[in-house]
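I opened a new model today and kept notes as I went. The entries follow the order in which I looked things up.

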Amino acid sequence: MDWSIRFPHLGIYLEHVGKNFTVFGISIAYYGVIIAVGMLAGILLATYEAKRTGQNPDDYFDLAIIAIICSVIGARLYYVIFSWDLYKDNLWSILNLRQGGLAIYGGVIAAIITAVVFAKVKGLSFPRLADTAGLGLILGQIIGRWGNFFNREAFGGYTDSLFAMQLPVSEAKGITQELIEHLVTIDGVSYVQVHPTFLYEGTWNLLLFIGICLYKRHKKFDGEIFAIYLMGYGVGRFIIEGLRTDQLVIKALGGIAASQVLSIILIVLAAAFVIYNRVQLKKRTLVTKDGNEQ
């Protein structure tokens, strides 16, 4: 068994990148630890932002507990729906999360629905809640994507670009015919050479996060920050999804990637929200100005 991961054009050769570690005889997956760290970091950032903006941090702790549970369920349902052939003959396998099968877009949708309901029940402003929690969400995504690195998954097709990543065939998930045709053999070990799309998405999200942090103090209305996140993430995900080999597709639409369709929908809705609020803000400004002139 070979545990190496290589980035030959960058001169990076990692000889032993395990998927698990053992504590008191219990095997713990790096993937799970990284996801947990991402969630914790996201919660801490959201509560910090809530305190900074005069909100109650406890509301965000309460939201996080509910949203995390609902997001895991949503991520699983999204994956199952678009991979139904894998589960239709054994419905109990839907509950077996240890086999993998979580889709982040499903988690995001579930988190949004949860936040809408939570805000209504608690009498809070959803747009303001979304702006604050959204910062934690994107930070969690940035960290969480590294779980795919340890799992050798969520990669793209063959590439010989600067960032090409080599994975042992024995450990890589979702190998396509194209990758088989471009196998690389080094010291008797066969590698697939792929786009590290997890890295692309993580980097894109990091840049988006930095941009949002620089802009958030200048936002014009509640909900704008979350809308920018949806647009930015949607654009990046649409492009990167086209490179991946493990796409969840909508067969009824000719096999187009579900995440690309959802990305377009979210971009359009978020852009419409921003445009509408900007127009309304401009109208209010003009009315106020005219009133002052009189």
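**Entry 1: a surface patch**

I started with Ile66, which is partly exposed, at a relative accessible area of 38%. Buried means under 20% and exposed over 50%, so a value of 38% falls in between. I note here that the model is predicted.

Next I looked up where Ile66 sits. I found Ile66 in helix 2, which covers residues 57–81. I then checked the nonpolar surface around it. Ile66 belongs to a nonpolar surface patch with Ile65, Ile69, Ile73, Leu77 and Ile81. Together these residues have about 590 Å² of accessible area.

**Entry 2: aromatic pairs**

How many aromatic pairs does a search of the whole structure find? I got 12. I picked out Phe221 and Phe273, an edge-to-face pair. Their centres are 5.8 Å apart, and I read 70° between the planes. Planes over 60 degrees apart count as edge-to-face, so this pair qualifies at 70°.

I then traced both partners along the chain. Phe221 lies in the loop between helix 7 (197–215) and helix 8 (224–241). Phe273 is in helix 9 (residues 258–293).

Phe273 is partly exposed, at 31%.

I turned to a second pair, Phe226 and Tyr229. The ring centres are 5.6 Å apart and the planes stand at 35°, so I logged this pair as tilted. Both residues lie in helix 8. They are 3 residues apart, about one turn of the helix. Phe226 and Tyr229 are both buried.

**Entry 3: a cluster and a charge**

I also listed one aromatic cluster. Its members are Phe21, Tyr30, Trp146, Phe149, Phe150 and Phe198. Then I looked at Arg6. Its charged end sits over the ring of Tyr191, 5.6 Å from the ring centre.

**Entry 4: the whole chain**

I counted 9 helices and 9 strands in the chain. The C-alpha atoms fill a box of roughly 85 × 40 × 40 Å along the principal axes. The chain has 294 residues, and 41% of them count as buried. I get about 15900 Å² of accessible surface for the chain, with 66% of that belonging to carbon and sulfur atoms.

Conventions:
Residues are numbered from 1 along each chain as its sequence is written. This is a predicted model: local features need pLDDT of at least 70, side-chain atom pairs count only at pLDDT 80 or more; totals for chains, interfaces and linings use all residues. Side-chain values use heavy atoms; hydrogens and water are left out. Patches are made of residues with over 30% relative accessible area and no salt bridge: like charges are joined within 9 Å, nonpolar side chains (Val, Leu, Ile, Met, Phe, Trp, Tyr) within 5 Å. Accessible areas come from the Shrake-Rupley method with a 1.4 Å probe; for residues, only the protein chains shown count as cover. A salt bridge is a side-chain nitrogen of Lys or Arg within 4 Å of a carboxyl oxygen of Asp or Glu. Helices (H or I, at least four residues) and strands (E, at least two) are DSSP runs, numbered from the N terminus. Buried means under 20% relative accessible area, exposed over 50%, partly exposed in between (1.4 Å probe, protein chains only). Rings of Phe, Tyr and Trp (its six-membered ring) pair if their centres lie within 6.5 Å; planes under 30 degrees apart count as stacked, over 60 as edge-to-face and the rest as tilted. A charge sits over a ring if NZ of Lys or CZ of Arg is within 6 Å of the ring centre and within 35 degrees of the ring normal.
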